[in-house]
Amino acid sequence: MSSAVTQGIRVQVRSAYRPDRSEPGKYLFTYTVKIANDGEAAARLVARHWIVTDANGELEEVAGEGVVGHQPYLTAGEEFEYTSFCILETPHGSMHGTYRMVRDDGSSFDAEIAPFPLVVPGALN
């Protein structure tokens, strides 16, 4: 699991390989993200920016509004959790990125998503 805290917003991610939805050259991984407001000021997640790297060092950037169709608003102590997926052409890689957060006063910041591995079990032995 990866974990990072930026201005009171804690982002934790855990990933899993899905052999039932994979084949050679197409490895599907799910990742579950928990975003928690450990601070006192509310914030809305308005955009995401992911960087996906495969075992060959190939980068793919994914950016867009919100997450899984939502722009969660988190007051102090609130959490939001979702699961999504990515597909790699190699049996291992990693992801990291940021969430653009906006406070009630209009200020914004990027909450860090710490790097986490995407690994087929036994691929790195």
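User: Which strand gives the largest share of the lining of the largest pocket?

Analyst: A pocket is an open set of points on a 1 Å grid over the protein atoms alone, where a 1.4 Å probe fits, with protein on both sides within 12 Å along at least five of seven lines. Lining residues have an atom within 4 Å of a point. Strands are DSSP runs (E, at least two residues), numbered from the N terminus. Here β7 gives the largest share, five residues. This is a predicted model: local features need pLDDT of at least 70, side-chain atom pairs count only at pLDDT 80 or more, and totals for chains, interfaces and linings use all residues. Residues are numbered from 1 along each chain as its sequence is written, and side-chain values use heavy atoms, without hydrogens and water.

User: Which residues are closest to the centre of the largest pocket?

Analyst: Tyr-31, Trp-50, Val-62, Ser-84 and Phe-85, from a lining of 15. β4, β5 (59-65) and β7 each give two or more residues to that lining.

User: Is Tyr-27 buried or exposed?

Analyst: Buried means under 20% relative accessible area, exposed over 50%, partly exposed in between (1.4 Å probe, protein chains only). Tyr-27 has 16%, so this residue is buried. Tyr-27 sits in strand β3.

User: What is Tyr-27 in contact with, leaving aside neighbours within four places in sequence?

Analyst: Contact means heavy atoms within 4.5 Å. The partners of Tyr-27 beyond those neighbours include Tyr-17, Cys-86, Leu-88 and Val-120.

Notes
Helix = DSSP H or I, 4+ residues; strand = E, 2+ residues; numbered from the N terminus.
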